[in-house]
Amino acid sequence: RALGRLAFPRFFHRMVLEPDGALLVVGGIAGSGSGQKVIATERFVPGRAHHLVQLRLDAPGRAKNRQGLLLHGDRLLVVGGNDGLE
């Protein structure tokens, strides 16, 4: 039976059952024959509408903090920020 949907559909991933019943979903590829690796880690809790997605991306810009982020479909938009450490 379906328990919900992942934010990033994937094949050949691994799932780890956590003590609280959540599933930690790691790795995989985007689709059969695509060869595109899924680098997002998801913590999926059956019965909840939302779950936590962790994604680490290299940032080519100089900004270190105070950026604005918008996830729109499959695009992450990053604007602003500064390079101060205060």
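This report describes the fold, surface and selected residues of a protein in a predicted model.

## Overall architecture

The secondary structure of the protein consists of 6 strands and 0 helices. In sequence order, the pattern reads β-β-β-β-β-β. The radius of gyration of the protein is 16 Å, well over the 12 Å that the globule rule gives for 86 residues, so the protein is more spread out than a compact globule. The C-alpha trace spans about 50 × 35 × 20 Å along its principal axes.

Of the 86 residues in the protein, 16% are buried. Among contacts with a separation of 6 or more, 18% are between residues 24 or more positions apart.

## Surface and charge

The protein has an accessible surface of about 7400 Å², and carbon and sulfur atoms account for 56% of that surface. Its charged side chains comprise 12 positive and 7 negative ones. The centres of these two sets lie 5 Å apart.

## The segment before strand S1

Several of the residues considered here lie ahead of strand S1. One of them is Gly4, in the segment before S1. Gly4 has a relative accessible area of 47% and is partly exposed, because exposed requires a value over 50% and buried a value under 20%.

Phe12 is also found in the segment before strand S1, which covers residues 14–17. With a relative accessibility of 65%, Phe12 counts as exposed. The backbone of Phe12 has a phi near 60°, a positive value in a residue other than glycine.

The ring centres of Phe11 and Phe12 are 6.4 Å apart and the ring planes stand at 45°, so the pair is tilted. The reasoning rests on the angle: planes under 30 degrees apart would count as stacked and those over 60 as edge-to-face, so the remaining angles are tilted. Phe11 is partly exposed, at a relative accessible area of 43%.

His13 likewise has its place in the segment before S1. His13 counts as partly exposed, at 23% relative accessibility. When its neighbours within four places in sequence are left aside, His13 is in contact with Val25, Val26, Gly27 and Gly28. The separation from Val25 is 12 residues in sequence and 6.9 Å in space, C-alpha to C-alpha.

## Arginines in the strands

Arg43 lies in strand S3, residues 41–44. Its relative accessibility is 24%, and Arg43 therefore counts as partly exposed. Not counting residues up to four places away in sequence, Arg43 touches Glu18, Asp20, Ala22, Leu23, Leu24, His51 and Leu52. Ala22, one of these contacts, is 21 residues from Arg43 along the chain, and the two C-alpha atoms are separated by 6.6 Å.

Arg66 belongs to strand S5, which runs over residues 65–72. Arg66 is exposed, with a relative accessible area of 68%. Its phi is near 65°, a positive value in a residue other than glycine.

Arg75 is found in strand S6, residues 75–82. At 55% relative accessibility, Arg75 counts as exposed.

## Separations in sequence and in space

| Residue pair | Separation in sequence | C-alpha distance |
|---|---|---|
| Gly4 and Asp83 | 79 residues | 40 Å |
| Arg75 and Gly4 | 71 residues | 22 Å |
| Arg43 and Ala22 | 21 residues | 6.6 Å |
| His13 and Val25 | 12 residues | 6.9 Å |

Methods
Residues numbered from 1 in each chain as written. Predicted model: local features only at pLDDT ≥ 70, side-chain atom pairs only at ≥ 80, totals over all residues. Heavy atoms only, no water. Helix = DSSP H or I, 4+ residues; strand = E, 2+ residues; numbered from the N terminus. Rg over C-alpha atoms; globule rule 2.2 N^0.38 Å. Buried < 20%, exposed > 50% of the residue type's maximum accessible area, 1.4 Å probe, protein only. Contact = heavy atoms within 4.5 Å. Areas by Shrake-Rupley, 256 points an atom, 1.4 Å probe, with all protein chains shown as cover. Lys, Arg positive; Asp, Glu negative; His and termini not counted. Charge placed at Lys NZ, Arg CZ, Asp CG, Glu CD. Phe/Tyr/Trp six-rings, centres within 6.5 Å; stacked < 30°, edge-to-face > 60°.
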